[in-house]
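Trainee: I have a model open and would like to go through a few spots with you. Could we take them one at a time?

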Amino acid sequence: MAATDREDRLAALGAERVDHRFKGLPPDAEGLTVAELAAERRDLFTGGFTTPVLTLSAEAVEHNLALLETYAERHGLAFAPHGKTSMAPRLFARQIERGAWGITLAMPHQVRVARAFGVERIFLANELVDAVALRWIAGELERDEAFRFICYVDSVRGVELMDQALRGSARRVDVVVELAAGEGARTGVRTEAECAEVADAVAGTGTLRLVGVAGYEGEVPRADPERVHAYLTRLVSLAADFDKAGRFAGLGVSEIVLSAGGSAWFDAVADVFASVPGLSLPVLKLLRSGAYVSHDDGHYRKLTPFNRVPSEGTLRPAFRLWAQVVSRPSPEQAFVNAGKRDAAYDLDLPEAQVVRDARTGELRDASGISVTGLSDQHGWLRTEPGVSLSVGDWVGMGLSHPCTVFDKWGLVPVVGADGEVSDYIRTYF
């Protein structure tokens with residue numbers, strides 16, 4: 001896809017009309033385009049937004065994009081951030097503008113979204129044996145010579161199914177053998193000997209091309225630095241063994257793909273990948289961390305590698321979910337109008353951070369207020385003695401696990417530190 005076509009499709013996001021599909025947005029904005037609403041630069045608190053409403057911090061998102069760009073450059077890594085986190089084409093484009101090699105995805109539908117907005121390099125961190133999806137991929141490869149697509153394989157049977165679906169295709173599909181993170185881990189080949197069998201199966205087809213190896217260190221059982229480093233060392237050794245055996249020779253392979261890296265152990269990936277031995281071809285060291293773009297106030301705040309290497313920088317949480325106190329039945333309890341339909345709860349409950357007083361408009365720290373549970377449409381708050389919290393007040397909450405936050409919101413306001421809404425991020429789940 002030409003650059004002008006990509007720009008036109010991204011620009012078309014601004015032409016979408018604001019209506020009932022998008023919760024939290026001002027009712028009086030009905031019928032405006034997203035671009036028109038953004039141009040009004042409305043204030044989050046006085047501009048007609050309704051609760052609950054999820055926001056992204058403009059400053060935090062920009063900081064996080066810049067931080068991982070420089071981190072990848074510093075460590076000699078190519079970067080394909082996992083797009084399943086946000087499924088937001090505008091964020092995909094900004095990640096690519098900030099030096100990303102391409103976008104990682106997990107499902108065929110996600111690939112279709114990325115292709116609809118002109119993403120030219122896609123790493124599918126998953127096995128793909130669906131014949132319909134494979135034939136669609138083959139059509140995209142034939143239609144667009146610039147399109148690069150790579151996906152996992154982890155079984156001889158999977159290779160057979162891919163080959164059957166792709167026969168007659170104009171271009172081979174690039175694959176990497178996925179090495180499992182250990183017994184009891186998720187997908188992936190369990191032993192190096194079985195990896196060789198899968199690689200031999202790929203070589204026996206006329207539809208696939210082996211270009212590297214990959215894995216996900218986040219699935220290492222009882223993960224700690226020693227176990228994660230050991231697994232990643234196995235992955236590097238597998239690439240070297242495949243290269244020594246000539247498995248990447250021929251078929252026009254110009255670089256060996258070596259990929260790993262979720263959002264909890266990318267420091268280990270940087271450490272181990274820095275010692276990749278000299279191979280017969282250049283090595284594309286592909287990092288895939290995705291949660292960084294928004295970070296969070298729970299799971300990744302605790303697990304981020306920057307806790308171990310603070311000299312490398314610090315990510316900033318970008319999410320804030322604003323909800324309104326709708327009931328204060330006792331001095332110790334209150335309820336806000338945001339629940340499971342609005343906030344992620346699979347890893348951690350939301351964290352009450354700030355209160356906006358309904359009478360004065362003043363902001364204050366939410367100390368003494370905690371979220372104890374979520375119903376479908378209510379958040380349960382516990383308040384310590386003496387805490388001031390009234391019906392009508394807004395409570396701003398930090399959230400945990402970006403991958404299950406973004407998918408609850410179709411259009412997310414981007415808010416500056418001054419409360420001005422400058423942009424909107426469209427998601428496609």
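Predicted model: local features only at pLDDT ≥ 70, side-chain atom pairs only at ≥ 80, totals over all residues.

Trainee: How do the axes of H6 and H7 cross, then?

Mentor: Helix H6, residues 131-143, and helix H7, residues 156-166, have axes that come within 9 Å and cross at roughly 55 degrees, and the two helices are therefore oblique to each other. The crossing of H6 and H7 is right-handed.

Trainee: Which residues in H6 and H7 meet there?

Mentor: From H6 there are Ala-131, Leu-134, Arg-135 and Ala-138, and these meet Met-162, Ala-165 and Leu-166 of H7. Sorted by type, the residues of this contact of H6 with H7 are 6 nonpolar, no polar and 1 charged.

Trainee: Switching topic, is Thr-383 buried or exposed?

Mentor: Thr-383, which lies in strand S15 (residues 379-383), has a relative accessibility of 2%, and because buried means under 20%, Thr-383 counts as buried.

Trainee: And what does its side chain make a polar contact with?

Mentor: The side chain of Thr-383 makes that contact with the side chain of Arg-328, at 3.1 Å. If neighbours within four places in sequence are left aside, the residues in contact with Thr-383 include Arg-328, Pro-331, Glu-332 and Leu-389.

Trainee: Last one: where does Ala-338 lie?

Mentor: Ala-338 lies in the loop between strand S11 (333-336) and strand S12 (351-356), and with a relative accessible area of 2% this residue is buried. Apart from neighbours within four places in sequence, Ala-338 is in contact with several residues, among them Pro-52, Leu-321, His-378 and Met-397.

Methods:
Residues numbered from 1 in each chain as written. Heavy atoms only, no water. Helix = DSSP H or I, 4+ residues; strand = E, 2+ residues; numbered from the N terminus. Buried < 20%, exposed > 50% of the residue type's maximum accessible area, 1.4 Å probe, protein only. Polar contact = N/O pair within 3.5 Å; in protein donor to acceptor, adjacent residues only side chain to side chain. Contact = heavy atoms within 4.5 Å. Axes fitted to C-alpha atoms, helices over the stretch in contact; angles between N-to-C directions. Parallel < 35°, antiparallel > 145°, perpendicular 65-115°, else oblique. Left-handed = near helix turned anticlockwise from the far one by under 90°. Nonpolar A, V, L, I, M, F, W, Y, C, P; charged D, E, K, R; others polar.
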